[in-house]
Amino acid sequence: MKATRLMAAGVLMGLGVMAMPAQAETVLKIGWTNAIDSHYGVMATTFNDEIVKRTDGRYKLQYFTMGALGGEREMLEAVQLGTQDMVITSTGPVGNFVPDTRIVDIPYLFRDYDHARKVLDGPIGQEILTKFPAKGLVAITWMENGFRHITNSKRSIKGPEDVKGLKIRTMENKVHMKAFEAMGALPTPMNMNDVFTACQTGTIDGQENPIPVILSNKLYTVQKYLTLDGHVYSPALLITGKSFWDGLSAADKTAFQEAAKIALVANRKKVNSDEVDGMDIMRKEGVEIVTSVDNAAFQKAVASAYVDYNKEFGEANIKKIMDVK
Ligand code: EAX
């Protein structure tokens, strides 16, 4: 009798296991324009580890680094279309999709990292994120690209007068282009994937990016001069498609948001450590670094662009961000 019961239990168990299919695993394609060990890569890998933990492996990320899926604008279009699941991008091209983000691209808007992080994590930054769903996108969290500095192959830039006449690659971002026009440079908008070769061949004289990007894309091997002018703080974003996000259960949405919060800490930590470690790496490669500039002179040089910024964004709105303590 006992054996029969055991047998029966075994069969039921077997059936039971068959009746409960293993939870399907969803693999999400995520792309960015830097390396796996960059400030974006550490965000993606930390985010993945936290999601796998929080969803018992029902979701995991498939990484596409170094612009393998295209430039940031192209990847945003793909996420909007649903042919790519997620993108980590600077705000550079985002303003072409969600115009409300453009205000955070204004040069000299943020005093330092603490100020920028406080604004983006606070009501002003969170309010901007609410504008994404209307455009078919969901910004899961603000992230960080870092303060942007100018590199070039022509001359050491000690003041805005040295920028005059240089062909400087910018992102596809009219706010940034306006600032470089005001300085007398020739702003050349370009997909990040083309920047290294453009520097190498001299198609452009220079470009501007945070230290983590200069390191990750090895731009210091094709740019002789670096000036730590920090003309603009470059936020980044972790973005997915609205239809994917709406399909998640409330519990999974919370899991993704909590995972993103932990990943953001790793992203910001990497930015700060790159800024310290990067100097020696670049000096060893022979890069001539101007470590401090007359900020007031650079701010004066972009004053004419501020006339347009005040008109476009409202002087009070710009001041509100600048006044966050
Ligand atoms: O987001 O395009 C750029 O200069 C960005 O800073 C880079 O792709 C990282």
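**Entry 1: the chain overall**

How many helices and strands does the chain have? I counted 13 helices and nine strands. I noted at the start that this is a predicted model. The C-alpha trace spans about 95 × 45 × 35 Å along the principal axes of the chain. The chain has 325 residues, and buried residues make up 54% of them. I then looked at the contacts in the chain with a separation of 6 or more, and 76% of these are accounted for by residues 24 or more positions apart.

**Entry 2: nonpolar cores**

I looked up the largest nonpolar core next and found 51 residues in it. The members that touch the most other members are Ile-106, Phe-110, Phe-132, Ile-239 and Tyr-309. Strand 4 gives the largest share of this core, with five residues.

Which residues is Ile-106 in contact with, leaving aside its neighbours within four places in sequence? I found Val-175, Val-232, Tyr-306, Tyr-309, Phe-313 and Ile-318. Tyr-309 had already come up as one of the core members that touch the most others.

**Entry 3: the largest pocket**

I turned to the open spaces. The largest pocket holds about 320 Å³ of space. It is lined by 19 residues, and the closest to its centre are Phe-110, Arg-111, Phe-147, Asp-229 and Gly-230. Four elements are listed as giving two or more residues to this lining: strand 4 (137-152), strand 8 (225-241), helix 10 (250-284) and helix 11 (295-301). Strand 8 gives the most, with six residues. By class, I have 11 nonpolar, five polar and three charged residues in the lining of the largest pocket.

**Entry 4: the cavity**

I found one cavity of 30 Å³ or more in the structure. About 150 Å³ of space lies in the largest cavity. Its lining has 18 residues, and Glu-72, Ser-90, Arg-169, Met-171 and Met-192 lie nearest its centre. The elements that give two or more residues to this lining are helix 3 (72-81) and strand 4. I sorted the lining residues of the largest cavity into six nonpolar, seven polar and five charged.

**Entry 5: His-39**

Is His-39 buried or exposed? His-39 counts as buried because its relative accessibility is 0%, and the cut-off for buried is under 20%. I placed His-39 in the loop between strand 1 (26-31) and helix 2 (41-54). The side chains of His-39 and Asn-145 are joined by a polar contact of 2.8 Å. Leaving aside neighbours within four places in sequence, I listed the contacts of His-39 as Asn-34, Glu-144, Asn-145, Pro-212, Val-213, Asn-267, Lys-270 and Val-271.

**Entry 6: Leu-69**

Leu-69 is also in a loop, this one between strand 2 (59-64) and helix 3. Its relative accessible area is 28%, so Leu-69 is partly exposed. With neighbours within four places in sequence left aside, Leu-69 is in contact with Gly-31, Phe-64, Met-75 and Gln-84. I also checked Leu-69 against Asn-295: the two are 226 residues apart in sequence and 37 Å apart in space, C-alpha to C-alpha.

Notes. Residues numbered from 1 in each chain as written. Predicted model: local features only at pLDDT ≥ 70, side-chain atom pairs only at ≥ 80, totals over all residues. Heavy atoms only, no water. Buried < 20%, exposed > 50% of the residue type's maximum accessible area, 1.4 Å probe, protein only. Polar contact = N/O pair within 3.5 Å; in protein donor to acceptor, adjacent residues only side chain to side chain. Contact = heavy atoms within 4.5 Å. 1 Å grid on protein atoms, 1.4 Å probe; cavity = no way out; pocket = protein on both sides within 12 Å on 5 of 7 lines; lining within 4 Å. Points joined across faces, edges and corners; volume = space filled by probe spheres on them. Nonpolar A, V, L, I, M, F, W, Y, C, P; charged D, E, K, R; others polar. Core = buried A, V, L, I, M, F, W, Y, C linked by side-chain atoms within 4.5 Å.
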